[in-house]
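The stops below go from the whole chain to a single element.

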Amino acid sequence: MGKIKALPPEVVSKIAAGEVVERPASVVKELTENALDAGSKNIRIEVQAGGRKLIRVIDDGEGMTPEDALLALQRYSTSKIEKEEDLFAIHTFGFRGEALSSIAAVSKMKMVTRKEGELAGVEIKIEGGLIQGPEATGCPLGTSVQVRDLFYNIPARLKFLKTQGTELSHIGEVIAKIALANSQTHFQLYHDGKLLANYPVRQDLSSRLAEALGQEAGENMYFFQSRSKEIEVEGYAGEPGLNRPNARGIYLFVNRRPVRDRLLSHAVMEAYRNLLPKDRYPVVVLFVNLPPSEVDVNVHPSKWEVKFADSEAVYRRVVSSVREVLERTPWLQKGRGKFPELKEIPGVYMKTDLEKPYHFKPQEAIQFASPPSGLKPTPQAPFLGQVDKTYLLFESFDGLILIDQHAAHERVLLERILEEFSAGSIQGQPLLFPEMIELSFPEAKATEEHLLELGKMGFEVEPCGDRTFWVKSVPQILSAREPIRTLKEMIQQISSWGKNIDLQSSFDSLLQMMACRGAIQASQPMSPEEAKELLAELQKCSFPSRCPHGRPTLLKITLSELEKMFGRK
Ligand SMILES: Nc1ncnc2c1ncn2[C@@H]1O[C@H](COP(=O)(O)OP(=O)(O)OP(=O)(O)O)[C@@H](O)[C@H]1O
Ligand SMILES: [Mg+2]
């Protein structure tokens with residue numbers, strides 16, 4: 001008895017069918033997912049000329065009988081679902097019975113397969129809709145699907161393909177994603193006969209990280225995991241210093257399926273809010289697992305999109321799990337799930353591109369990163385002095401702590417501001433003598449439209465004529481630091497907001513600006529009391545180790561590092 005059946009018409013009509021073959025990488029994805037669905041342990045992907053000339057996926061999965069091999073090429077024939085209800089309980093990557101037939105329609109395909117128990121395998125060729133075979137052939141267990149001359153019969157599509165290098169990088173990316181989600185399978189990607197990527201079987205996810213994302217990322221990511229009733233969220237969050245210029249470092253999976261999902265990306269970005277430089281994106285690998293009934297994967301033919309039954313719950317769970325691990329990053333042991341319970345001043349802050357004079361290798365840092373109670377930190381940590389009127393030096397339990405006074409104070413102020421802002425409004429301080437400001441027309445208009453928000457941010461502003469306004473109070477944290485100048489800068493920024501701005505990040509950047517202006521600057525003397533106070537305040541922060549733009553606020557040199565540097569060991 002074969003496993004593949006034609007889907008009844010009423011199910012076909014429920015399937016988000018359509019074009020799935022956009023480029024060589026789409027073929028690679030479909031064939032590799034088929035191989036995974038067949039229970040393969042080893043999957044070899046060979047491509048030539050960026051996939052244009054040849055794509056071959058060889059697996060050691062369950063294989064097909066000759067009848068199944070023929071049926072597999074028919075549109076809407078699948079072994080993965082049978083009836084409509086099955087669409088709500090999908091546990092395989094494929095389910096539409098469409099991929100092979102669509103690929104066969106735009107290429108010259110050859111399939112060789114043998115099922116366990118069968119003496120011989122079969123070979124089927126299909127080109128321009130014409131099937132040749134099946135012919136008996138000797139072959140190992142499993143299936144190999146070969147796709148030659150993709151789009152040979154659709155010149156328009158061929159024209160849209162990018163350079164070999166680009167197409168190849170898409171293929172590499174797809175395999176990296178699939179490999180991240182399937183660490184129990186061995187993947188090998190060959191290009192023009194050369195091994196390009198190798199993913200041996202791994203017992204856990206963390207070992208795949210460096211293989212898929214590169215060494216630096218692999219060493220600077222932190223494990224997180226949490227679950228509420230039905231939603232399980234786990235993965236690795238890159239430390240903020242790993243940021244990238246685009247979102248391609250954010251890898252999202254739903255039930256092991258790689259997806260592109262705005263809700264999830266947004267949740268990840270929300271978790272990194274105020275931790276990254278402007279327009280930068282984190283590196284994150286996120287797995288969301290939930291019962292198949294809670295997520296619809298039948299949204300788009302390419303299966304890149306999903307719909308959650310309870311998207312709000314998913315969003316909240318993702319934000320809170322990623323945020324929680326970030327709050328603890330400096331204390332975490334990289335790549336491990338364990339972390340100390342205490343929220344204390346970071347034992348160490350490590351990043352590969354830390355400026356000199358002290359540079360350690362990240363591997364060394366790992367051992368110091370974790371001792372939960374290693375560093376008893378502390379407001380009482382003796383203050384040793386200020387370096388270049390910019391850095392504060394403290395002696396800690398097991399070494400030295402260096403603080404960038406501006407970055408640290410910025411972090412402290414930002415957290416205070418955010419708290420006040422979300423609770424209602426930032427504390428203002430009335431000016432003894434209200435000050436009059438004159439603005440350009442667009443600025444005046446923007447100010448009138450945002451009086452309320454300015455008020456929430458601690459600026460009480462009142463129109464008093466064409467383009468003039470009274471400023472009656474200013475935020476307390478700015479009162480001693482040229483508040484009017486900051487106000488004007490903020491108004492300039494507001495007047496440049498377009499129609500489709502992201503309000504939240506726009507306000508974030510205003511609040512960041514306030515924190516920056518309100519914070520003590522570099523090159524300013526600080527008394528020991530002020531320095532100690534700053535350390536104490538920093539310690540209370542949720543994200544003590546980073547300024548709002550993603551720069552480090554503090555770093556640490558342990559005694560053993562000192563010993564090493566002085567050659568005492
Ligand atoms: N590598 C393979 N090993 C074993 N069986 C396979 C393999 N590739 C395809 N098949 C069989 O062929 C059928 C059709 O494959 P096809 O990819 O066209 O559809 P699908 O995987 O069921 O759904 P989708 O169109 O969503 O991918 C599958 O249901 C499966 O039974
Ligand atoms: Mg398939």
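A residue counts here as buried if 20 or more other C-beta atoms lie within 10 Å of its own, with C-beta atoms placed from the backbone. Keep that cut-off for the last stop. The model is predicted.

**Whole protein.** Select everything. The C-alpha atoms fill a box of roughly 90 × 70 × 45 Å along the principal axes. The protein has 18 helices and 24 strands, and 42% of its 569 residues count as buried. Among contacts between residues at least 6 apart in sequence, 69% join residues at least 24 apart.

**Domains.** Colour three ranges separately: 5–201 for domain 1, 207–331 for domain 2 and 376–569 for domain 3. Between the C-alpha centres of domain 1 and domain 2 there are 27 Å. Their contact draws 22 residues from domain 1 and 17 residues from domain 2. Which helix gives the largest share of the side of domain 1 that touches domain 2? Select residues 164–181: this is helix 6, and 6 residues of that side come from it. By residue type, the side of domain 1 that touches domain 2 has 15 nonpolar, 5 polar and 2 charged residues.

Next, show an open sheet of 8 strands, with mixed pairing, and follow the order 7-6-5-8-3-2-9-10. Strand 7 (130–137) and strand 10 (194–199) stand at the edges; each has a single partner strand, so one side of each lacks a neighbour in the sheet. On average, neighbouring strands of this sheet are turned by 10 degrees against each other, direction ignored.

**One strand pair.** Zoom in on residues 42–48, strand 2, and residues 54–59, strand 3. The two run antiparallel and are joined by 6 bridges. To see one bridge pair, select Glu46 and its partner in strand 3, Arg56. Strands of a sheet pair through backbone hydrogen bonds, parallel or antiparallel.

**Helix 6.** Helix 6 has 18 residues and spans 26 Å from its first C-alpha to its last, close to the 26 Å expected at 1.5 Å a residue.

Which residues of helix 6 are buried? Show side chains for Glu167, Leu168, His170, Ile171, Val174, Ile175, Ala176, Ile178, Ala179, Leu180 and Ala181. An α-helix has 3.6 residues a turn, so residues three or four places apart point the same way. Look down the helix axis with that spacing in mind.

Note on methods. Residues are numbered from 1 along each chain as its sequence is written. Chains are lettered from A and ligands numbered from 1 in the order in which they are written. This is a predicted model: local features need pLDDT of at least 70, side-chain atom pairs count only at pLDDT 80 or more; totals for chains, interfaces and linings use all residues. Domain bounds come from an automatic or database domain assignment. Two residues are in contact if their C-beta atoms, placed from the backbone, lie within 7 Å. Helices (H or I, at least four residues) and strands (E, at least two) are DSSP runs, numbered from the N terminus. Ala, Val, Leu, Ile, Met, Phe, Trp, Tyr, Cys and Pro count as nonpolar, Asp, Glu, Lys and Arg as charged, and the others, Gly among them, as polar. A residue is buried if 20 or more other C-beta atoms lie within 10 Å of its own, exposed if 12 or fewer, and partly exposed in between; C-beta atoms are placed from the backbone. Two strands pair if DSSP finds at least two bridges between them. Axes are lines fitted to C-alpha atoms, for helices over the stretch in contact, and angles run from 0 to 180 degrees between N-to-C directions. The expected span of a helix is 1.5 Å times one less than its number of residues.
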